[in-house]
Amino acid sequence: MIRHLVLFKLDEGVRRDDPRVVAGEAAFRALPEQIKELRAWECAWNITDRPIAYDFAINSAVEDTEALQRYLDHPAHQAGVALWREFATWVIADYEF
């Protein structure tokens, strides 16, 4: 199994209630129903107020590297990524477990 972790940091001045952010969150929350490769899926807003904290997290799992690539290439994933590019930056870690 491959764990796919993504941490998002909203751009300076962007708030969670910004319509772009709301649309981006909705797009990612809908992915489990659209992408069969996803074996596990969690996404949520950070609940702490620390300067080093990121704002939004995705914790997901897929079977193998081929499934990860199909997930990454999936049009629904790509559409969500395009939305988030407008208002955030992110870091990613993929690892076997």
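A salt bridge is defined here as a side-chain nitrogen of Lys or Arg within 4 Å of a carboxyl oxygen of Asp or Glu. The structure is a predicted model, in which local features need pLDDT of at least 70, side-chain atom pairs count only at pLDDT 80 or more, and totals for chains, interfaces and linings use all residues. Residues are numbered from 1 along each chain as its sequence is written, and side-chain values use heavy atoms, with hydrogens and water left out.

The structure holds five salt bridges, including the following.

| Salt bridge | N to O distance |
|---|---|
| Glu25 and Arg29 | 2.8 Å |
| Glu37 and Arg70 | 2.9 Å |
| Arg39 and Glu63 | 3.0 Å |

Helices (H or I, at least four residues) and strands (E, at least two) are DSSP runs, numbered from the N terminus. Accessibility is classed by relative accessible area: buried under 20%, exposed over 50%, partly exposed in between (1.4 Å probe, protein chains only).

Glu25 and Arg29 both belong to helix H1 (residues 19–29), where four residues, about one turn of the helix, separate them. Glu25 is buried at 15%, whereas Arg29 is partly exposed at 39%.

The salt bridge between Glu37 and Arg70 links distant parts of the chain, 33 residues apart: Glu37 lies in the loop between helix H2 (31–34) and strand S2 (40–45), and Arg70 in helix H3 (residues 65–73). Glu37 is buried, with 8% relative accessibility; Arg70 is partly exposed at 43%.

Arg39 and Glu63 also form a salt bridge. This pair spans 24 residues, from the loop between H2 and S2 to the loop between strand S3 (56–62) and H3. Arg39 is partly exposed at 48%, and Glu63 is partly exposed at 40%.
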